[in-house]
Amino acid sequence: MFLYIFGLVVFYYVYRWFRELKRVPNKSEKYVYITGCDTGFGNLLAKHLDTLGFCVIAGCYTEKGEDELKKACSSRLCTVQLDVTDNESIKKATDAIKALVGDRGLWAVVNNAGVSIPSAPNDWLVIEDFKHMINVNLLGVIAVTLSVLPLIKKAKGRVVNIASVFGRVSPVGGPYCISKYGVEAFNDSLRMNMAPFGVKVLCIEPGFFKTSVTDINLIQSNIQKLWDRLPQDVRDDYGSDYMDRVKVMMKQMFVKMLDGDLMKVVSCMEHAISAVHPRSRYSAGWDAKFFWLPLSYMPSCIADVLLLKDVVKPKVSTL
């Protein structure tokens, strides 16, 4: 019996592998709009799709990001300055895209822009800390998608949303996990909504990768600022050595978890855009596939135990 089940599993994965090899034709006629192209995944994806022959529209936050990307790519690539939290900026970018794509429509939008700070225990934060990140990571995704959705429907194209493994489990406090859970919910509801129109909605869930979002110096600096502004009674709850223990944990564990091969994520993004039969979800990175994804399906009583063993605990704890 076991051998029959094993054989079916092998057959399924071999069949899926062959099915997913086929790519869409006429790449030179397909426009792809990517947000957050100054650095990281968005920057690499823009360059990669440009080499494959797609017409890339790269949304950059800074003029420097635009200039550097143009120098590194062909004349097919064009850039738009974009702040995903600013409705006027989104509208201006959308108007430029409409003029570019014309009646062909937009083949894909990749919602890649995102931030990771402030991240800290919830009782360290104020509501404004939550608003900023949710505006970028969630409302920005929704606003950009809605701005170009008519163009996507016209092309029967793709919406590719970059969520995270932390859109499934919440081992850290703060707004990051909340915003990524929201992206997952928006992605699922939009996928069902757009299916009758021939639009595919895909989700990428990266694990830990070495980008500006996971820059240890930036994260430590932010945590220190949040610690410094805390009232003394909250600091006493956590213990005077708490920050020292956090820094040791980040140097000994967090840095080692970071994967430097960003192409693992970019390859998933490219497949979601160019495959005739893309997957609904992509888990990018070994930690995402073999730790975080299985963890998300476990009962909370088990998952909490596995997560808490590596958490830096307050001085006074009832956990």
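Visitor: Which side chains meet in a salt bridge at 2.7 Å, N to O?
Guide: Those of aspartate 259 and lysine 264 do; a salt bridge here is a side-chain nitrogen of Lys or Arg within 4 Å of a carboxyl oxygen of Asp or Glu. This is a predicted model, in which local features need pLDDT of at least 70 and side-chain atom pairs count only at pLDDT 80 or more, while totals for chains, interfaces and linings use all residues. Residues are numbered from 1 along each chain as its sequence is written, and side-chain values use heavy atoms, with hydrogens and water left out.

Visitor: Is aspartate 259 buried or exposed?
Guide: Aspartate 259 counts as buried at 18% relative accessibility, whereas lysine 264 is partly exposed at 27%. Buried means under 20% relative accessible area, exposed over 50%, and partly exposed in between (1.4 Å probe, protein chains only).

Visitor: How many salt bridges are there in the whole structure?
Guide: A search finds 14. One of them joins arginine 281 to glutamate 205, with the closest N and O atoms 3.1 Å apart. Arginine 281 lies in strand 7 (residues 281-284) and glutamate 205 in strand 6 (residues 200-206), so the pair ties together parts 76 residues apart in sequence. Strands are DSSP runs (E, at least two residues) and helices likewise (H or I, at least four), numbered from the N terminus.

Visitor: Which residues are linked in a network of salt bridges?
Guide: Arg168, Glu184, Asp188, Arg191, Glu205 and Arg281 are linked in this way.

Visitor: Turning to helix 10, why is it described as largely enclosed?
Guide: Nine of its 12 residues are buried, so helix 10 is largely enclosed by the rest of the structure. The buried residues include Val265, Cys268 and Ile273.
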